[in-house]
Structures are given as C-alpha cells and as structure tokens.
Amino acid sequence: MEITGLRSAKGLVRVCMTRIPRSFPDCKDDPASRQMSVTADKALKLTFTDVPVGSWAIAVLHDENSNGKADKALMIPREGFGFSRDAPVRFGPPRFKDAVFAVPQDDVSISIRMRYML
C-alpha cells in the first residue's frame, strides 16, 4: 500500500484494515483486523502480509502529535486521514461499503491519498 499526500513527517501514521463493517474505520471489536503504526514520512509504502481472501476496508490517520487519537476542532478533523478506494467523506467517516475492496489470492497494491481539512 502506498500512502500519498502526507503534509509532514511529524508523528505517526496509523493504519487499520478490517473486514467487519461495524468495526470500520477504527477496527474496534475486530480481533482479526490488521493494524499498523509507523513513523510518518512524506512517502510511505506499507505491506500487510498473510491477509485472508475477502472484502476489506482501510482507514489511515496521520497522528501528527502521536497522542493516539484523531484530534478535532469543532468536530472537524485537525489531522490527516485517508481511506481505501478514496472513499468520500461527508459528515463523518465514510461507510464501509464505500471503502471496501477485494483481496483475492494474489497480492493487491492500493494507494491511499491523505486529506487535511485544517
């Protein structure tokens, strides 16, 4: 997976990959989710291995201050975020069905574009 559009190399990039709709976008209550946290960099390429075949969705947070949460100002995200399939963001995070993609037997390569509102 390639993550593009990071505005800085500050903090951490946190990635959550789940196949349970109600656990998207934070992987909460999904023991089979795949999660990763890496030091931010302007260009990132990350790999999840041994991912079972199925339908998955990915959420990415650029946690610039490394506090482990998505900071907001008046309900507007202050830190960057991105989703598989560049799922649209309206009033809150996208729905699982808008971010879902298939993981077949072969390797899958996707790109996630980060967005910043403030």
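This is a predicted model: local features need pLDDT of at least 70, side-chain atom pairs count only at pLDDT 80 or more; totals for chains, interfaces and linings use all residues.
Local features need pLDDT of at least 70, side-chain atom pairs count only at pLDDT 80 or more, and totals for chains, interfaces and linings use all residues. Residues are numbered from 1 along each chain as its sequence is written, and side-chain values use heavy atoms, with hydrogens and water left out.

Start with the cysteines. A disulfide is a covalent bond between the sulfur atoms of two cysteines. Here the criterion is a pair of cysteine sulfur atoms within 2.5 Å. C16 and C27 form it, with sulfur atoms 1.8 Å apart. The torsion about their S-S bond is about 100°, so the disulfide is right-handed. C16 sits in strand β2 (residues 12-18), and C27 in the loop between β2 and β3 (34-39), eleven residues apart. Strands are DSSP runs (E, at least two residues), numbered from the N terminus. Both cysteines are buried, meaning under 20% relative accessible area (1.4 Å probe, protein chains only).

Now S33, in the loop between β2 and β3. S33 counts as buried because its relative accessibility is 12%. S33 touches M17, T18 and C27, not counting residues up to four places away in sequence; touching means heavy atoms within 4.5 Å. A polar atom of the S33 side chain lies 3.0 Å from the backbone oxygen of D30.

Finally, the surface. L118 lies in the segment after β10 (111-113). L118 counts as partly exposed because its relative accessibility is 48%; that class runs between under 20% (buried) and over 50% (exposed).

Methods: Helices (H or I, at least four residues) and strands (E, at least two) are DSSP runs, numbered from the N terminus. A polar contact is a pair of N or O atoms within 3.5 Å; within protein, one must be able to donate a hydrogen and the other to accept it, and residues adjacent in sequence count only if both atoms are side-chain atoms.
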